[in-house]
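Here is a friendly briefing to read with the model open beside you. Take a moment to look it over, then follow the topics below.

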Amino acid sequence: MDELKLLRELRIEHPTVKESVINDGRAQLLQHIVSPGIKKNKRRSKTALRVSLMAAATFGLVTVLVGTNVVGLAGWRGAASAQAAEVLNNAAALTIKTVDPRVGPGQYLKVESTNLSLSTYGVQDTSGIVGSNDHVEWTDTEKRSLYVPANRDQEWVWERSGRVPTTFFGDKSKEVAYQQAKEQGESAQYLSAVNGAFYDSPSTFPSTKELAAYPRDPRMLLNKIYLENIGSGQSIDGQALVFIADLLRTGLVPADLRSALYKAAAMIPGVVVTENQATLDDQQGISIGRVETVSNFRQDIIIDPETGQLIGERQVTLEPLGSVPAGSTIGWTTIRTTVVDSAP
Amino acid sequence: MTNDSDIIRRSRERPAAFAELYDKYARMIYRYAFRRAGESAAEDVMAGTFLAAFEGRDSFDHAWDDARPWLFGIATNLLRRHHRTEAKILKIIAKSSGRDAYTDSTEQIAEQLDAIATTSALALALCKLSPVDRECILLYAWADLTYEGIAQATNVPVGTVRSRMNRARRKLKDAAAALRNNTEEADHGRTQVTA
């Protein structure tokens, strides 16, 4: 085989790019454009340091595991709480019986999602004191409809509503959020691209080949997730749950893999029921999550216990983030998938 | 259709227009940086690339419609700060790739073992390349730049890109060939035993 082909296929790749990361980078850029010289708040550098320390620790752990031929991390370091495991395993049992709607020739899988994310913006303090800058925070909501053709090599369509300021923290927040929205102008987008390669970029959606390659055995699946996420996130277990939530929210995961992902989540130490009656975008379910103690952040997945259906996922901060109070939801996504006969 | 050069020109009058370039290419830069130096570095490199690009937008050569070589050039410079992490990742992949591979079919096991060995050999060979040769071949293979694009990104003549590519390809090819030879020898040995 050609060495360039081998190189292209070298698997060092994360299947999806997190929207929160893209949004954060965009906010940094816009902040810089409007107020050059104002840096992002200090919390960020602290987080970066924490991440790099954890990454170094993870590398060390993995090196030791590889060196001692301990090949898997799943199953021997504890698991989710009994209650969380029961919810997840029940959902898995219901999901495996689910038959995903078939996307016939010429039809599309339509993945509708509502996405909430946090925006941070640096504002100049008008008191005139040198260096006395402040930050404001708010959340934006964006609705997206992704149309995936039966033959995924054909043209996909992605309608994005653009970001609409939704929740405000503090007096200045609303003013700045609307000012920003005005500066950016019309942000709704209609995108089309073969094989999901929007923005002239390689597709950020998991391919059918990638999805087929994930083991359906939960322990093997979790081991693979741990290995694929070496050096990412703030802890291997926290990152594994974030990875599962990210994959599920694409709406492209087939029922057998969704079921295996639920079972894999049930094997992650620290995963517990975080809310028995969680409401997300007006839908009620049970929230299963894990607190990342390094950053006081919680990743939840919300499941309808009656059907095993994923309602969505959310991120909650357990410590104040600037003007955002502890306990606030700083991001969530809900998804709904249907089969339609045409794309716009 | 608006090209990248138009967006950059427009951003002189209306700076926020520069965000259009971000929307087009942030994911691409992120994925490239992620593959090379991991998640933490990727976030910094992606954000840093666009901040530096915005600051230096007057230096953009408008003879190019496409801003990718320019952006990947900035990202490549920023990635040099992460060369230790990159080396560490490649070494870990060389040692650990495929240790999670499980299957119940003998034929698939053989295929998986081949894939594991190839990944390890390639990761090791990549690690041993000189930094400029590695940047060059990865801009080609992972960033999909042309030779001319790489020349612009790394600020060297196209002839230099050709010689770097030839050298890097030869070394990777040698690594893959050495692996094939070993495999063939091993197969041969097994055949003799069973005969």
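By the grid rule used here, the count comes to seven cavities of 30 Å³ or more. A cavity is a set of points, on a 1 Å grid over the protein atoms alone, where a 1.4 Å probe fits but cannot get out. This is a predicted model, in which local features need pLDDT of at least 70 and side-chain atom pairs count only at pLDDT 80 or more, while totals for chains, interfaces and linings use all residues. Residues are numbered from 1 along each chain as its sequence is written, chains are lettered from A and ligands numbered from 1 in the order in which they are written, and side-chain values use heavy atoms, with hydrogens and water left out.

**The second largest cavity**

- The second largest cavity holds about 320 Å³ of space, a volume being the space filled by probe spheres set on grid points that are joined across faces, edges and corners.
- Its lining has 18 residues, and those nearest the centre are A:Glu19, A:Arg144, A:Phe205, A:Arg249 and A:Thr250; a lining residue has an atom within 4 Å of a point.
- Strand 1 (108-123) and strand 2 (134-149) of chain A are the elements that give two or more residues to this lining.
- By class, the lining of the second largest cavity has five nonpolar, seven polar and six charged residues. Ala, Val, Leu, Ile, Met, Phe, Trp, Tyr, Cys and Pro count as nonpolar, Asp, Glu, Lys and Arg as charged, and the others, Gly among them, as polar.

**Chain A and a helix pair**

- Chain A has nine helices and 10 strands, which are DSSP runs numbered from the N terminus (helices H or I, at least four residues; strands E, at least two).
- Of its 344 residues, 53% count as buried, meaning under 20% relative accessible area, with exposed over 50% and partly exposed in between (1.4 Å probe, protein chains only).
- The axes of helix 7 (residues 218-228) and helix 8 (residues 236-248) of chain A come within 9 Å and cross at roughly 105°. Axes are lines fitted to C-alpha atoms, for helices over the stretch in contact, and angles run from 0 to 180 degrees between N-to-C directions.
- Helix 7 of chain A makes the contact (heavy atoms within 4.5 Å) through A:Leu222, A:Ile225, A:Tyr226 and A:Glu228, and helix 8 of chain A through A:Ile236, A:Asp237, A:Ala240, A:Phe243 and A:Ile244.
- This contact has seven nonpolar, no polar and two charged residues.

**Chain B, helix by helix**

- Chain B has eight helices and zero strands, and 50% of its 195 residues are buried.
- Eight of the 11 residues of helix 6 of chain B are buried, so this helix is largely enclosed by the rest of the structure.
- B:Asp133 lies in helix 6 (residues 131-141) of chain B and is buried, with a relative accessible area of 2%. Not counting residues up to four places away in sequence, B:Asp133 touches B:Arg164, B:Arg167 and B:Ala168.
- Helix 7 (residues 147-154) of chain B is also largely enclosed, because six of its eight residues are buried; among them are B:Tyr147 and B:Ile150.
- After helix 7 of chain B comes B:Asn155, with a positive phi near 60°.
- B:Gly159, in helix 8 (residues 158-194) of chain B, is partly exposed, with a relative accessible area of 41%.
- The C-alpha atoms of B:Gly159 and B:Tyr147 are separated by 9.0 Å.

How values were computed
On a 1 Å grid over the protein atoms alone, a cavity is a set of points where a 1.4 Å probe fits but cannot get out, and a pocket is an open set with protein on both sides within 12 Å along at least five of seven lines; lining residues have an atom within 4 Å of a point.
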